[in-house]
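Dear colleague,

Please find below the structure that I am handing over to you. My notes on what was found in it follow directly after.

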Amino acid sequence: MFKYLQKLSTFRLLILFMLALGVIFYFFEIHPDPEPVQESDALVRSAHAAVTVELGKMFLIASAIGLGIEVAHHLYIHRGTGNERAARRKKAGHTKVRRKQGALHLLHDFLFNYRIANPDQERIDSELRVARQIQFSLVPNTFPSYSEWREFDLHALLVPATEVAGDYYDFFMLDSDRFVFTVGDVSGNGVPAALYMAVCRTAFRTLAWQFRDPGELVSRLNDLLVRDNQSGLYVTIACFIVHLPTGKCQYVLAGHPAPLWHHEKRGSAEIIDSPRETLAGLKAGITFPVGQIQLVPGDTILVYSDGVSDARNTAGEELGYQGVHERFTKCVGAANCESLIDRLKNAVNAYTTVRQQDDITILAFRYWGPGGQKMRRLRAAVTERESHAAEA
């Protein structure tokens, strides 16, 4: 190996060296430290990761340019007869020394100018990555934390269209019997929507401890957003509060896409589209009507943002509410909510082949009731048998 490296030119060794550095830096970025860290270390590690990936990018691009120069030189010099090649070398002045010096100067200029010409963009990209990590820390992402609550199953997914999202979801116990889950979608996306989303999430949690009725809760949230809203942004909200011992479920829809409710006994899904009210954050003093449904063990509620229904195929056709309804019906037989969301997301991805234009949020809630564990195990067993039968 060492003898082989000795035969390589300095320029080629430089290419290999930069390629190795680029791969190493990207390796550390793709495979972060799996050990848990304190929240105080999160920003430091995220900043280190941003610098690492930028260095990796720099070295990989530089090695690619160097390789292109080497290939182009080889094709140019070694084309034609011996006399033609000698004349071409003499005419172009491509001696080994000049070739190496010219290439090294080119790479030096590239490395130097890359760092000087793009400081603002690098800083912005780094800050956006940190903002993304901070934003994802605001939404629950440890679903097994509710494993002690045997009365329900829940899972959620948030996929931003840009570095940061204007969508959000949240869920928590109001008391020992009542569980609340919500999905919100701020107008637009990107940094302004993400900042507004953080305000909505914080205000919702604060007000939920004071106002246990979902209608009053969303009305108070709306008044708060209107009072402090100077950006003209607004938010759609779907808020559900479930009484776990009885399955009584109250909800408010503030301009949000109609959720879906799958009935376990009937084996069919319906749209929850009434009562509805306008968007939140536009006008103060609005009363948001409260709807009510009765859940039975095995029933599933799906809440999603319009990034799902607005997904388009290559022909420009939207998936639409009906398309979401059909795919939800096919996927709802999954053993748990996590599998349900995975199946639904794959079905949406199979439909759309264009770049994601809007944030995507999906939340699935399945009610089991106080004695629902037996049905839960039965559902898992049936799903496993169906999976084995499909594979056979």
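Is Phe143 buried or exposed? Phe143 is buried, with a relative accessible area of 15%; here buried means under 20% relative accessible area, exposed over 50%, and partly exposed in between, with a 1.4 Å probe and protein chains only.

Before the remaining findings, a word on the basis of the values. This is a predicted model, in which local features need pLDDT of at least 70 and side-chain atom pairs count only at pLDDT 80 or more, while totals for chains, interfaces and linings use all residues. Residues are numbered from 1 along each chain as its sequence is written, and side-chain values use heavy atoms, with hydrogens and water left out.

Overall composition

The protein chain has 12 helices and 10 strands. Both are DSSP runs numbered from the N terminus, helices being H or I of at least four residues and strands E of at least two. Of the 392 residues in the protein chain, 42% are buried. Contact means heavy atoms within 4.5 Å; among contacts between residues at least 6 apart in sequence, 73% join residues at least 24 apart.

The sheet from β2 to β8

An open sheet of 5 strands runs in the order β2-β3-β4-β5-β8, with antiparallel pairing. Two strands pair if DSSP finds at least two bridges between them. At the edges are β2 (167-173) and β8 (291-294), each of which pairs on one side only. From one strand to the next, the twist averages 15°. Axes are lines fitted to C-alpha atoms, for helices over the stretch in contact, and angles run from 0 to 180 degrees between N-to-C directions.

Strand β2 pairs with strand β3 (residues 178-186) in the antiparallel sense over 7 bridges, and Phe172 stands opposite Val180 in β3. Helix α7 (residues 191-208) lies across β2, β3 and β4 (235-243), running at about 20° to β2. Arg201 lies in this helix, α7, and counts as buried at 17% relative accessibility. Not counting residues up to four places away in sequence, Arg201 touches Leu138, Tyr168 and Asp170.

Aromatic pairs

A pair of aromatic rings is described by the distance of the centres and the angle of the planes. Rings of Phe, Tyr and Trp (its six-membered ring) pair if their centres lie within 6.5 Å; planes under 30 degrees apart count as stacked, over 60 as edge-to-face and the rest as tilted. By this rule the count comes to 13 aromatic pairs.

In one of them, the rings of Phe143 and Phe171 have their centres 5.6 Å apart and their planes at 20°, so this pair is stacked. Phe143 lies in the loop between α6 (119-138) and β1 (152-159) and Phe171 in strand β2, so the pair ties together parts that are 28 residues apart in sequence. Phe171 is buried, with a relative accessible area of 2%.

The rings of Phe181 and Phe240 are stacked because their centres are 5.1 Å apart and their planes at 5°. This pair links distant parts of the chain, with Phe181 in strand β3 and Phe240 in strand β4, 59 residues apart. Phe181 is buried at 1% relative accessibility, and Phe240 is buried at 0%. One aromatic cluster is formed by Phe143, Phe152, Tyr169, Phe171, Phe179, Phe181, Phe240, Tyr251 and Phe365.

The sheet from β1 to β7

Another 5 strands form an open sheet in the order β1-β10-β9-β6-β7, with antiparallel pairing. β1 and β7 (268-271) stand at the edges with a single partner strand each, so one side of each is left without a neighbour in the sheet. Strand β9 (residues 300-304) and strand β10 (residues 360-367) pair in the antiparallel sense over 5 bridges, and Tyr304 stands opposite Ile362 in β10. Helix α10 packs on the sheet, touching β6 (260-263), β7 and β9, and its direction makes about 155° with that of β7.

Helices α10 and α11

Helix α10 packs against helix α11 (residues 337-351) at an angle of about 140°, with their axes 9 Å apart. In α10, Arg327, Phe328 and Cys331 meet Leu340, Arg343, Leu344, Ala347 and Tyr351 in α11.

Thr314 is found in the loop between α9 (306-309) and α10 (320-331) and counts as exposed at 68% relative accessibility. The C-alpha atoms of Thr314 and Tyr351, 37 residues apart along the chain, are separated by 9.0 Å.

Yours sincerely
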